[in-house]
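Biologist: I would like a close look at one part of this model, and some idea of the whole around that part. Please take me through both.

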Amino acid sequence: MKMIVGLGNIGPQYDGTRHNTGFMVVDEFAKQHGIELTTRKMDARYGTGVVNGEKVLVVKPTTFMNESGRAVHPLMNYFKIDLDDIFVVHDDMDLPVGHIRLRDHGSAGGHNGIKSIIAHVSSKDFKRLRVGTGHPQKMSVVDYVLTKFTADQQPLFNQSADKAVAALDDWLEGTAFTQLMNKYN
């Protein structure tokens with residue numbers, strides 16, 4: 001079984017904000033594959049399905065972003081999922097809107113959701129799909145990540161979300177991760 005985790009903040013006031021990019025991508029992935037995230041357990045909303053012959057668990061933590069690991073680790077243990085079978089989707093201000101980047105390990109890079117997962121799983125070696133949100137020009141980082149994409153940026157974000165879903169599909173099809181990075185980075 002594979003596990004795809006989208007990071008974001010819970011609550012309607014955060015819907016559609018840059019910080020909820022991970023939620024938006026996994027929602028699109030789940031929609032395209034008919035997976036309903038209706039189960040609520042272990043600080044998460046999740047659902048299961050079969051994609052490209054692979055059983056997959058799609059997860060949205062119901063904690064706030066900086067406590068995402070509190071949901072990820074118990075689900076890994078409960079479903080007996082190896083760290084190598086986890087893919088975390090999250091926002092990244094260092095990438096322009098419309099760009100994605102895949103990594104198979106590394107530091108949190110200042111992202112509190114990733115920092116929490118690293119702390120809870122005791123490893124930096126898990127797959128990440130970073131989705132660009134752009135960097136604030138004239139406002140604080142905290143305020144910026146809680147804004148929505150502008151009308152000009154929304155089509156670019158939609159394109160990056162489509163690329164992200166395609167990358168997840170390719171991963172579930174069995175494409176080697178180095179090939180995925182070469183294709184999408």
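What share of the contacts in the protein with a separation of 6 or more comes from residues 24 or more positions apart? Please then look closely at histidine 19: in which loop is it found?

Modeller: This is a predicted model. Residues 24 or more positions apart account for 69% of the contacts with a separation of 6 or more. The chain has six helices and seven strands, and from the N terminus on these elements run β-α-β-β-β-α-β-β-α-β-α-α-α. The radius of gyration is 15 Å, close to the 16 Å that the globule rule gives for 185 residues, so the protein is as compact as a globular protein of that length. Along its principal axes, the C-alpha trace spans about 45 × 30 × 30 Å. Of the 185 residues, 52% count as buried. The accessible surface comes to about 8700 Å², and 48% of that belongs to carbon and sulfur atoms.

Now to the single residue. Histidine 19 sits in the loop between β1 (2–6) and α1 (21–32). The unreviewed UniProt entry places the feature "active site" at His19. Histidine 19 has a relative accessible area of 15%; because buried means under 20%, this residue counts as buried. Neighbours within four places in sequence are left aside in what follows. Histidine 19 is in contact with Leu7, Gly8 and Asn9, and also with Met65, Asp91, His111, Val145 and Leu146.

Technical notes: Residues numbered from 1 in each chain as written. Predicted model: local features only at pLDDT ≥ 70, side-chain atom pairs only at ≥ 80, totals over all residues. Heavy atoms only, no water. UniProt positions renumbered as here; feature names shortened; annotations may be inferred. Helix = DSSP H or I, 4+ residues; strand = E, 2+ residues; numbered from the N terminus. Buried < 20%, exposed > 50% of the residue type's maximum accessible area, 1.4 Å probe, protein only. Contact = heavy atoms within 4.5 Å. Rg over C-alpha atoms; globule rule 2.2 N^0.38 Å. Areas by Shrake-Rupley, 256 points an atom, 1.4 Å probe, with all protein chains shown as cover.
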